Amino acid sequence: MHTVAVVVPDGALTFELAVPCEVFGTDRSYLGVPWYGFRMCAARPGPVRLSGGFTVDAGYGPEGVAAADTVIVPPGASTGDVTPPELLDAIRAAHARGARIVSICAGAFILAQAGLLDGRRVTTHWMYAEDLARRYPDAKVDAAALYVDDGDVLTSAGTAAGLDLCLYLISRDHGAHVAAGVGRRLVVPPHRDGGQAQFIEQPPAPRGTGLGPVLDDVMRRLDAPHTVRSLASAAGMSPRTFIRRFRDEVGASPIQWLTAQRIRAARERLEGGDEPVETIARRCGFAGADGLRKHFTRFVGVTPYQYRRTFRA
């Protein structure tokens with residue numbers, strides 16, 4: 001029997017902990033496959049208080065982690081928490097023995113503390129991706145992915161993406177039809193299109209910069225045919241000086257920023273109304289629906305139609 005051990009750090013987030021418990025801890029052998037053995041493991045066996053005021057009873061200590069076939073690590077109360085060394089040692093021992101190591105959301109920080117993310121492509125919740133990359137520069141953080149399979153170490157983005165990854169593990173173990181059966185029981189799709197880029201909040205035009213008046217004018221007239229030359233002229237600079245100044249103050253090239261703002265405006269229109277995509281493209285400054293579709297898919301990871309279907313109010 002394949003044994004799944006869920007690590008329960010102090011202050012664990014309730015939803016992220018509940019996901020693997022629901023997926024692997026409920027006997028689903030009615031789907032025609034041997035189901036998983038399941039255990040909850042803490043630094044010491046016994047009650048562990050979660051972040052939402054709940055308490056769970058972990059039946060195993062670190063020894064339950066070290067002997068498992070799959071180890072799932074949800075996040076603790078804070079990404080800055082120091083994980084007990086006995087749990088980190090157990091996670092390392094399980095990995096060295098050949099176990100599959102999985103993190104949900106900010107649980108990636110615990111795997112990083114264990115030294116398991118060095119040189120690997122990984123993900124976490126988009127809000128924490130920059131912090132993870134800064135604190136653990138040897139990890140290759142992909143902030144756009146819902147989950148990343150790097151062989152024996154798998155990581156997921158925030159909250160519901162942990163459910164996506166758990167269903168993916170079932171698909172890898174037992175086939176897509178079994179994963180689909182679990183998904184139907186949980187009333188969720190066994191696979192979601194796109195990545196977490198579609199959930200990332202794109203910032204509006206920065207304030208308090210010397211380029212503020214030019215940026216404000218662009219935001220009022222996104223449908224105008226802006227170019228580096230026209231923007232530089234409005235700012236009273238040469239194109240070369242404007243590009244350098246823009247990068248210093250905004251952190252991107254003028255064209256990158258302009259495209260991002262047009263995508264942001266298109267997202268708002270897709271969420272809030274029923275305008276045709278062609279109309280939205282024109283009002284946001286794209287050369288027709290095909291132009292919007294191309295840039296939108298590259299930035300957001302799904303087509304405008306898919307985005308509207310998911311996020312329309």
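**Close-up views of a predicted model**

**View 1. Tyr 147, in this predicted model, counts as partly exposed, with a relative accessibility of 22%.** Tyr 168 is likewise described as partly exposed, its relative accessible area being 24%.

**View 2. Phe 246 and Trp 257 form an edge-to-face pair, because their planes stand at 65 degrees and their ring centres are 5.8 Å apart.** Helix H10 itself has twelve residues and reaches 16 Å from its first C-alpha to its last, which is close to the 16 Å expected at 1.5 Å a residue. Just after H10 comes Gly 251, which takes a positive phi of about 90 degrees.

**View 3. Phe 24 is one of the residues with the most contacts inside the largest nonpolar core.** This core has 61 residues, and Ile 91, Ile 101 and Ile 170 are named together with Phe 24 as those with the most contacts inside it. Helix H6 gives the most to this core, contributing six residues. A second, separate core has 25 residues, and among them are Val 228, Ala 232, Phe 242 and Ile 280. If neighbours within four places in sequence are left aside, Phe 24 is in contact with Val 4, Trp 35, Tyr 36, Phe 38, Ile 72, Cys 166, Leu 169 and Ile 170. Ring pairs also link Phe 24, Trp 35 and Tyr 36 into a cluster.

**View 4. Helix H7 (residues 176-186) contains a run of buried residues.** Val 178, Ala 179, Ala 180, Gly 181, Val 182 and Gly 183 are buried in this helix, and the buried residues of H7 pack against H6. Just after H7, Val 187 takes a positive phi of about 60 degrees.

View 5. Cys 41 is in no disulfide either, since the nearest cysteine sulfur, that of Cys 21, is 11 Å away, whereas a disulfide needs sulfur atoms within 2.5 Å. Cys 41 counts as buried, at 0% relative accessibility.

**View 6. Leu 13 and Cys 105 each lie in a loop between a strand and a helix.** Leu 13 is found between strand S1 (3-7) and helix H1 (14-25), and is partly exposed, with a relative accessible area of 25%. Not counting residues up to four places away in sequence, Leu 13 touches Ser 51, Pro 75 and Gly 76. The C-alpha atoms of Leu 13 and Ser 103 are separated by 13 Å, although these residues are 90 residues apart along the chain. Cys 105 is found between strand S6 (100-103) and helix H4 (108-113), and is buried, with a relative accessible area of 4%. The phi of Cys 105 is near 55 degrees, a positive value in a residue other than glycine.

**View 7. Arg 39 lies over the face of Tyr 60, at 4.7 Å from the ring centre.** As a setting for this and the other views, the protein chain has 14 helices and ten strands, and its C-alpha atoms fill a box of roughly 70 × 40 × 35 Å, taken along the principal axes. Of its 313 residues, 49% count as buried. Among contacts between residues at least 6 apart in sequence, 63% join residues at least 24 apart.

Conventions
Residues numbered from 1 in each chain as written. Predicted model: local features only at pLDDT ≥ 70, side-chain atom pairs only at ≥ 80, totals over all residues. Heavy atoms only, no water. Buried < 20%, exposed > 50% of the residue type's maximum accessible area, 1.4 Å probe, protein only. Phe/Tyr/Trp six-rings, centres within 6.5 Å; stacked < 30°, edge-to-face > 60°. Lys NZ or Arg CZ within 6 Å of the ring centre and 35° of its normal. Helix = DSSP H or I, 4+ residues; strand = E, 2+ residues; numbered from the N terminus. Contact = heavy atoms within 4.5 Å. Core = buried A, V, L, I, M, F, W, Y, C linked by side-chain atoms within 4.5 Å. Expected span 1.5 Å × (residues − 1).
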